[in-house]
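Reader: I'm new to reading structures, and I'd like a close look at one helix and what surrounds it. Could you walk me through it slowly, and then show me a bit of the rest?

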Amino acid sequence: MAKLDWSILNDSQKLWVRILTSRYLKRSNFLDCIPNPKSSTIWRDILKGREILKKGMIMGVGDGCHISLWYHHWVGECPIYLMPNFEIPNFIAHWRVVDIIRQGNWYLDDIIHLIPDSLADVILSIPLSTTHVLEDFLKWRSITNGNFSIKTAYGISSNITTPRSRVNCWKSLWKINAPLKYKMLLWNCFSEILPVGTVLGQKIEGFSPLCARCLDNNEDHLHLFRDCPSSFSFWCSVITKTNTVFNERHIFFLGSWQEWIGFNMKQSDLWRTTFAVGCWHIWIMRNKAVFDGKMLHPSFVFNRFYVDYCLTNVTFQTNLAKPLIQSQLALWRPAQPGAYKLNIDGSWKDVAKAGGGRLIRRDNGTWFMGFSSKYRSFFPLAAELQALRDVLLLAKCFQLTNIEVETDAKSILIMLDNAEKNSKHDLIVLISEVLQLLKLNWSITIAHIKRDANQVAHCLAHYAHLMDADHVTHQGVPDCARKAYDNDLMNVPQSSSAAATQ
Ligand SMILES: [Zn+2]
């Protein structure tokens with residue numbers, strides 16, 4: 001139920017959310033709405049799920065305009081007003097988080113005497129955007145990407161509710177080698193809690209339970225995933241084209257929902273992954289029909305499935321001896337003619353001891369500008385992202401239009417590539433600011449390089465721990481990076497290095 005509750009708060013455009021909220025919420029707020037004994041069972045169950053949500057939810061700071069500084073839970077273990085012996089001075093009781101932000105930085109002077117030092121440290125480590133406005137958002141606090149997770153909700157709820165377990169396949173489910181989103185969908189399938197036609201039809205007066213794809217049968221879980229003609233022909237392609245042989249093949253299209261799930265979960269690891277990916281694509285096909293009125297051809301769905309199936313199997317089945325993204329450069333190389341090379345690195349020891357190094361070099365390898373900065377951050381990745389954001393701001397400031405950025409933190413690139421999935425990540429403010437900067441009108445590449453090729457940036461980041469000031473600009477090569485810089489210059493081709501060493 002907490003999953004449905006999460007959707008009500010975060011997916012307001014979903015049809016079933018619109019139907020339920022327009023019927024039951026009217027003008028009240030979902031989190032504060034009082035259960036009415038006359039409401040339907042599903043709605044009363046959904047309201048019960050709020051207890052888990054309230055325990056696991058926290059506000060993520062975007063621009064801070066919609067978060068009450070004291071009364072909302074956005075930092076620490078509870079809303080600040082609930083902390084022991086805490087009293088809010090009347091004249092600032094109405095403050096929002098935005099009131100302690102000035103020009104993209106935390107400004108705690110007005111409240112520092114009211115809160116414990118440890119809390120101030122945590123606040124200072126929450127990343128803020130300096131250029132890009134992001135709205136405040138709700139996130140799930142047990143995991144850093146901020147998206148709702150059944151597993152953590154289950155942990156939180158263990159003393160509140162007992163989830164239904166109709167199919168005894170949970171262990172096989174969590175062991176499937178596939179991304180979490182596929183397993184989440186299967187989890188919902190197993191529990192028969194997806195908002196399919198028959199479920200909504202029972203709960204919502206006048207709602208047609210008919211399948212939107214074939215308009216021939218009521219849409220229950222079994223019809224949706226197996227028996228609808230488009231699902232049937234999809235599975236036939238999958239079984240044939242992946243050369244899958246079942247011991248009892250005829251069973252695949254037989255049996256009740258429970259038997260069908262049980263049958264599939266008893267098959268090989270490979271088939272269970274295939275099954276999870278297949279169900280996902282059927283669900284997408286079905287949603288296209290329901291929400292966009294578009295009927296995708298089963299062969300089109302199969303082609304999409306097949307790409308996803310191959311990727312999932314390569315990523316999750318092969319052992320990690322062969323990484324997907326090969327590290328390319330072990331040696332630093334200058335930028336293409338006419339471009340600038342930007343190297344960044346983060347260095348992290350603890351919350352108060354994080355730093356970033358960034359430098360810009362010309363296409364002949366010579367020093368353009370370097371910087372060391374102290375950062376506050378709870379994750380090493382935050383320091384890397386801040387260094388990336390800051391170097392892009394610098395490049396913009398110097399009006400460089402052709403730049404090549406290099407980092408040895410592959411996770412940054414993966415995170416930027418998957419920004420959509422990370423929309424509730426603790427670092428989303430930095431991620432979206434970087435993405436905005438990348439979209440500026442300039443020629444830019446970002447590459448992952450080996451650590452050895454990033455030594456100068458590494459030295460500058462390390463230097464941040466030793467300096468007194470928060471930021472130091474290195475107009476020329478600083479002593480701390482001299483050796484690494486000279487080493488890099490040796491990799492510059494002769495013709496341009498002649499100019500560099502003069
Ligand atoms: Zn159908």
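Author: Let's start with a term we'll need: two residues are in contact if their C-beta atoms, placed from the backbone, lie within 7 Å. Also keep in mind that this is a predicted model.

Now find helix H12, which covers residues 257–265. Which of its residues are buried? They are Trp-260, Ile-261, Asn-264 and Met-265. Look down the axis of H12 and you'll see these buried residues fall within an arc of 130°, so they line one face of the helix. There's a handy bit of background here: an α-helix has 3.6 residues a turn, so residues three or four places apart point the same way.

And what does that buried set pack against? The buried residues of H12 meet helix H7 (170–175), helix H8 (180–190), helix H10 (221–227) and helix H13 (269–292).

Let's move on to the nonpolar cores. The largest one has 39 residues, and among those with the most contacts inside it are Leu-342, Leu-385 and Val-391. Helix H15, residues 380–397, gives the most to this core: nine residues. Zoom in on Val-391 and, leaving out residues up to four places away in sequence, you'll find it touching Leu-342, Ile-344, Arg-358 and Val-405. There's also a second, separate core of 30 residues, which includes Phe-225, Cys-228, Met-285 and Tyr-309.

Strand S9 does have a partner, though: S8 (residues 402–407) pairs with S9 in the parallel sense over six bridges. One example to click on is Glu-404, whose bridge partner in S9 is Thr-445.

Most residues other than glycine have a negative phi. Gln-399, in the loop between H15 and S8, has a positive phi near 55° without being a glycine. Is Gln-399 buried or exposed? It counts as exposed, with 7 C-beta neighbours inside 10 Å. Gln-103 isn't a glycine either, and its phi is positive at about 50°. You'll find Gln-103 in the loop between strand S2 (101–102) and strand S3 (105–106), and it is exposed, with 7 other C-beta atoms within 10 Å.

Terms used. Residues numbered from 1 in each chain as written. Predicted model: local features only at pLDDT ≥ 70, side-chain atom pairs only at ≥ 80, totals over all residues. Core = buried A, V, L, I, M, F, W, Y, C linked by C-beta atoms within 7 Å. Buried ≥ 20, exposed ≤ 12 C-beta atoms within 10 Å, placed from the backbone. Helix = DSSP H or I, 4+ residues; strand = E, 2+ residues; numbered from the N terminus. Arc of directions from axis to C-beta. Pairing = 2+ DSSP bridges.
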